[in-house]
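Trainee: Please give me a close look at a single part of this structure. Start with one residue and its setting, then take me on to other places worth a look.

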Amino acid sequence: GSEEKERPIAASDKLGSALGPDWHEGLHLKGTKEFSHKVHIEILCEVKKIYLQQEFIQLQRTSLTFPKEEKNVERDEVLWPVYVELTNGKIYGCNFIVSATGVVPNVKPFLDGNNFAVGEDGGLKVDKHMHTSLPDIYAAGDICTVSWEPSPVWHQMRLWTQARQMGWYAAKCMAADTLGESIDMDFSFELFAHVTKFFNYKVVVLGKYNAQGLGLDHELMLRCTKGQEYVKVVMQNGRMMGAVLIGETDLEETFENLILNQMDLSAYGEDLLNPDIDIEDYFD
């Protein structure tokens, strides 16, 4: 009964961070009819301040439209949910603001008076069973840094899906330790996988999807159908190392197995992404 009273009410006038799977729910976007692939970039400046719509109205300031051409900057007559003021004096209205600054482990509350081993990225070091360097203390998710040699197609990323998997596995490790039982590393640590939705498009990233740590010795294969799907595959020495799948491609299970099995796919060449070939049936 008290849970409903204590739970904070989500409101459109609140700023937030740490995007989860449902961040776009209830989001009504303006300007989507005038869809454009052009990107406007402001350089040599930073964000000075962020205003909510009511705050901006009270300021009696002027916001700008994003220029359609190099010099075509006009006053914006549309009211936006949020406004951003830059240090160069310009103000732009927009649907939402994404701060893509990465994730820093928040370990400070736990370090005072404790002698935790800390990784290079600042997280609490954990072993294969999510133990920290202190006895009977476990860590999972964004706060920890894995210290074991990972699978060639798994890497740590501070995302909600991976944090959840780590939490489940840490709980299993705690239970096994309490019962004095051995436990094998969870399957989710064999292959990096993240599934989400972005503007109602299904998005799947697998393995070394951005060629993480592969150097220059790799190649990319692409397939794109405008408005329907985008498929990118990362190959190295004829083997699939990662993939990005956007849209209803139905390729995730097949590609997951190809990445895990490390099958030599050199003989298939570009036919691997040929839309006229049912690759799922071919390899299953």
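Mentor: Start at Val146. Its relative accessible area is 17%. The cut-off for buried is under 20%, so Val146 counts as buried. Keep in mind that this is a predicted model. Val146 belongs to strand β5, which covers residues 144-146.

What does Val146 touch, once neighbours within four places in sequence are left aside? The contacts are Val126, Trp154, Gln156 and Met166. Take Val126 from that list. Along the chain, Val126 and Val146 are 20 residues apart. In space, their C-alpha atoms are 5.3 Å apart.

Now compare a loop residue. Asn88 sits in the loop between β2 (82-86) and β3 (91-94).

Look at what surrounds Asn88. Not counting residues up to four places away in sequence, Asn88 touches Glu42 and Cys45. Take Cys45 first. Cys45 and Asn88 are 43 residues apart in sequence. Their C-alpha atoms are 5.9 Å apart in space. Then take Glu42. The side chains of Glu42 and Asn88 are joined by a polar contact of 3.1 Å. The Asn88 side chain also has a polar atom 3.0 Å from the backbone nitrogen of Lys90.

Next, the sheet. Five strands make up an open sheet, in the order β6-β7-β10-β9-β8. The pairing is antiparallel. Which strands stand at the edges? They are β6 (193-198) and β8 (219-225). Each has a single partner strand, so one side of each lacks a neighbour in the sheet. On average, neighbouring strands of this sheet are turned by 15° against each other, direction ignored.

β6 pairs with β7 (residues 201-207) in the antiparallel sense, over six bridges. Find Lys197 there. Lys197 stands opposite Lys202 in β7.

Finish with the helix. Which strands does helix α5 lie across? Helix α5 (residues 252-261) lies across β7, β9 (229-236) and β10 (239-246). Against β10, helix α5 runs at about 160°.

To recap, keep two residues in view.

Methods: Residues are numbered from 1 along each chain as its sequence is written. This is a predicted model: local features need pLDDT of at least 70, side-chain atom pairs count only at pLDDT 80 or more; totals for chains, interfaces and linings use all residues. Side-chain values use heavy atoms; hydrogens and water are left out. Helices (H or I, at least four residues) and strands (E, at least two) are DSSP runs, numbered from the N terminus. Contact means heavy atoms within 4.5 Å. A polar contact is a pair of N or O atoms within 3.5 Å; within protein, one must be able to donate a hydrogen and the other to accept it, and residues adjacent in sequence count only if both atoms are side-chain atoms. Two strands pair if DSSP finds at least two bridges between them. Axes are lines fitted to C-alpha atoms, for helices over the stretch in contact, and angles run from 0 to 180 degrees between N-to-C directions. Buried means under 20% relative accessible area, exposed over 50%, partly exposed in between (1.4 Å probe, protein chains only).
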